[in-house]
Amino acid sequence: LPLDTTWGGETKPLAPERTRGGGEEHDHQKGTSFRSNMPKEKKPRKRARATPLGRGAGSNPFDAKRQGFTFNKTFGQHILKNPLIVKSIVEKAAIKPTDVVLEIGPGTGNLTQKLLESAKKVVALEYDPRMIAELHKRFQGTDLIHKLQILHGDAIKLKFPFFDVCVANVPYQISSPLTFKLLSHRPLFRCAVLMFQREFAMRLVAKPGDPLFCRLSINAQLLSTTSHLMKVSRNSFRPPPKVESSVVRIEPKNPPPPINFKEWDGLVRLCFSRKNKTLGGIFTNKKVTALLQKNYDVYCALNDMEKKDINVKDVVKQTLQEVKMSDKRSAKLSQDDFLLLLETFNKKGLHFT
């Protein structure tokens, strides 16, 4: 090795020679290479551009994800992409070749296509103009286009046309108002097969004594027969929602029960305000007795009836004892129990609207 003379008269080896090249330094003594601290030149990265809608989207021209299509969460847009679930929904609806089908929220048309193949006509009700354009693009020039009618509007505000069967992947934020709008539709339809949030669906079909049994359950089951068909994973949608889903079948009762639904709903609303409290405790509350007294006065005035001086609290206690429900709780009462309770209250002159 080369020697270096120092002030102390001692000798020591020189530092190994290092050469640079290509961003690395080489140690000739050890024959090893190591990275230097010199910054490397950065190459600009190319950004992937979203493919324009309807162009070059791959094998499926209606794949909204590949097209760079952005779904609007405020509209509750979660497109059903699982073909097995789509097939099962159409089978459960038992669509006849002569049926007119109402589809609410068709989206990009995955379910619509199967409905068109089975039904005489499909009326697709859509709120988003972009989805309407997708439906036109998908079915224009096909043999199915003459069976499709598209309506643009809000499902809650728009008047429904005639239909035999309703099939829908329902936006979850309008589940309750849409359900009761369908049940109030005339003429009555045969059935509805609807996709709901799992919790809402289980409340819809809950029976007395079930922890999920509530006002929604008793109201829906008064007007229809409800049944749970199947569970649907969140991974069956694009984009996936934060909750699981279920499919429910609703068959309206024909003829509908001959009762005043406003009276019925007023009674049920009071009973389920504290569903685990006894009926005696609910109806003897000061606010409730004051409400019943006010309703009695208004009812007498509207129907030109002679107003009697009655003690509402005493009448309530007498009514509950007559039907033997003072110690019963709303969560465990059947539909027949509520009908009997409403009829007895009305006979005593007490009303709930």
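The model is a predicted one, in which local features need pLDDT of at least 70 and side-chain atom pairs count only at pLDDT 80 or more, whereas totals for chains, interfaces and linings use all residues. Residues are numbered from 1 along each chain as its sequence is written, and side-chain values use heavy atoms, with hydrogens and water left out.

Ser 175 belongs to helix H4, residues 175-183. Helices (H or I, at least four residues) and strands (E, at least two) are DSSP runs, numbered from the N terminus. Is Ser 175 buried or exposed? Ser 175 is buried, as its relative accessible area is 4%; the term buried means under 20% relative accessible area, exposed over 50%, and partly exposed in between, with a 1.4 Å probe and protein chains only.

I turn now to the whole chain. The protein chain has 11 helices and 14 strands, and 42% of its 353 residues count as buried. Among contacts with a separation of 6 or more, 64% come from residues 24 or more positions apart.

Next, the sheet. It is an open sheet of 7 strands with mixed pairing, in the order E9-E8-E7-E10-E11-E14-E12; two strands pair if DSSP finds at least two bridges between them. At the edges are strand E9 (148-152) and strand E12 (224-232), each pairing on one side only. On average, neighbouring strands of this sheet are turned by 20 degrees against each other, direction ignored.

How do the strands join? E10 (residues 165-169) and E11 (residues 191-197) run parallel, joined by 5 bridges, and the bridge partner of Val 167 in E11 is Val 193. E11 and E14 run antiparallel and are joined by 6 bridges, with Ala 192 opposite Ile 250 in E14. E12 and E14 also pair in the antiparallel sense, over 8 bridges, and here Lys 231 stands opposite Ser 246 in E14. As for burial, 7 of the 8 residues of E14 are buried.

Now to the helices. H6 (residues 215-223) and H11 (residues 335-347) pack at an angle of about 90 degrees, their axes 11 Å apart. Axes are lines fitted to C-alpha atoms, for helices over the stretch in contact, and angles run from 0 to 180 degrees between N-to-C directions. H6 is therefore roughly perpendicular to H11, a term used for 65 to 115 degrees. Ile 218, Gln 221 and Leu 222 of H6 meet Gln 335, Phe 338 and Leu 339 of H11 in this contact.

Finally, the cores. A nonpolar core is a set of buried Ala, Val, Leu, Ile, Met, Phe, Trp, Tyr and Cys residues joined through side-chain atoms within 4.5 Å. The largest has 57 residues, and those with the most contacts inside it are Leu 194, Leu 279, Phe 283 and Leu 341. Apart from it lies another core, of 27 residues, including Ala 124, Leu 135, Leu 144 and Met 230.

Terms used: Angles under 35 degrees count as roughly parallel, over 145 as roughly antiparallel, 65 to 115 as roughly perpendicular and the rest as oblique. Contact means heavy atoms within 4.5 Å.
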